[in-house]
Amino acid sequence: AEDKQKDLTEKRNLLEEYVKEKKKNELLVEQEQELRNQLSLYTEKFEEFQKTLTRSNDVFATFKQEMNKMSKTIKKLEKENLSWKGKHEQVSKSMFTMAEELRNSKNKNETLERLCRLCRWRTKCVGNI
């Protein structure tokens, strides 16, 4: 009877330990599933982040290409601008020179006309004598 009582106590203790361990196991299985779900969520978020980062890099690369194009265009336009400024200065100098020459020509023309009138007047005067 004592052995039976011992066996029953031991069986009860083992059964209680089994129940505790089973609950622990179930809890661990639930935790594992929750962790797997979290891992899946974080994996999705990481993949989304990677895609976003890739798009961002693409946009940045495109922006950099556009900036390089604009830089080349600006340099080209600056060269053209310098060329046009040089041409403008040359034309301005030429126009100034031509204006001076025109004034000088007008003055010479006026002087020659006065001399012609004077010669005609003298010729007339000599013819009248």
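I began with E47, which lies in helix α1 (helices are DSSP runs of H or I of at least four residues, numbered from the N terminus). E47 comes out as partly exposed, with a relative accessible area of 46%. For that term I used these cut-offs: buried is under 20% relative accessible area, exposed is over 50%, and partly exposed is in between, with a 1.4 Å probe and protein chains only. I then took the C-alpha to C-alpha distance from E47 to E80, which is 49 Å for 33 residues of sequence separation.

A note on the source: this is a predicted model, where local features need pLDDT of at least 70 and side-chain atom pairs count only at pLDDT 80 or more, while totals for chains, interfaces and linings use all residues. Residues are numbered from 1 along each chain as its sequence is written, and side-chain values use heavy atoms, with hydrogens and water left out.

Salt bridges. I searched the whole structure and got 4 salt bridges, each being a side-chain nitrogen of Lys or Arg within 4 Å of a carboxyl oxygen of Asp or Glu.

I found R36 bridged to E32, with the closest N and O atoms 2.8 Å apart. Both residues lie in helix α1, 4 residues apart, about one turn of the helix. E32 is partly exposed at 39% relative accessibility.

K69 pairs with E66, and here the closest N and O atoms are 3.8 Å apart. The two are 3 residues apart in helix α1, so about one helical turn separates K69 from E66. K69 is exposed, at 51% relative accessible area, and E66 is partly exposed, at 39%.

For R103 and E100 I read an N to O distance of 2.5 Å. R103 and E100 are also separated by about one helical turn, because they are 3 residues apart in helix α1. Both count as partly exposed, R103 with a relative accessible area of 44% and E100 with 28%.

Rings. Which ring does the charged end of K87 sit over? It is the ring of W84, with the charge 4.9 Å from the ring centre. The test asks for NZ of Lys or CZ of Arg within 6 Å of the ring centre and within 35 degrees of the ring normal. My search of the whole structure for aromatic pairs returned 0. Such a pair needs ring centres of Phe, Tyr or Trp (its six-membered ring) within 6.5 Å; planes under 30 degrees apart count as stacked, over 60 as edge-to-face and the rest as tilted.

Cysteines. I counted 0 disulfides, a disulfide being a pair of cysteine sulfur atoms within 2.5 Å. C116 is partly exposed, with a relative accessible area of 41%.

Surface. I noted a nonpolar patch of about 410 Å² made by L112, L115, L118 and W121. Patch residues have over 30% relative accessible area and no salt bridge; like charges are joined within 9 Å, and nonpolar side chains (Val, Leu, Ile, Met, Phe, Trp, Tyr) within 5 Å. The areas come from the Shrake-Rupley method with a 1.4 Å probe, and for residues only the protein chains shown count as cover. L112 is found in helix α1, residues 2-128.
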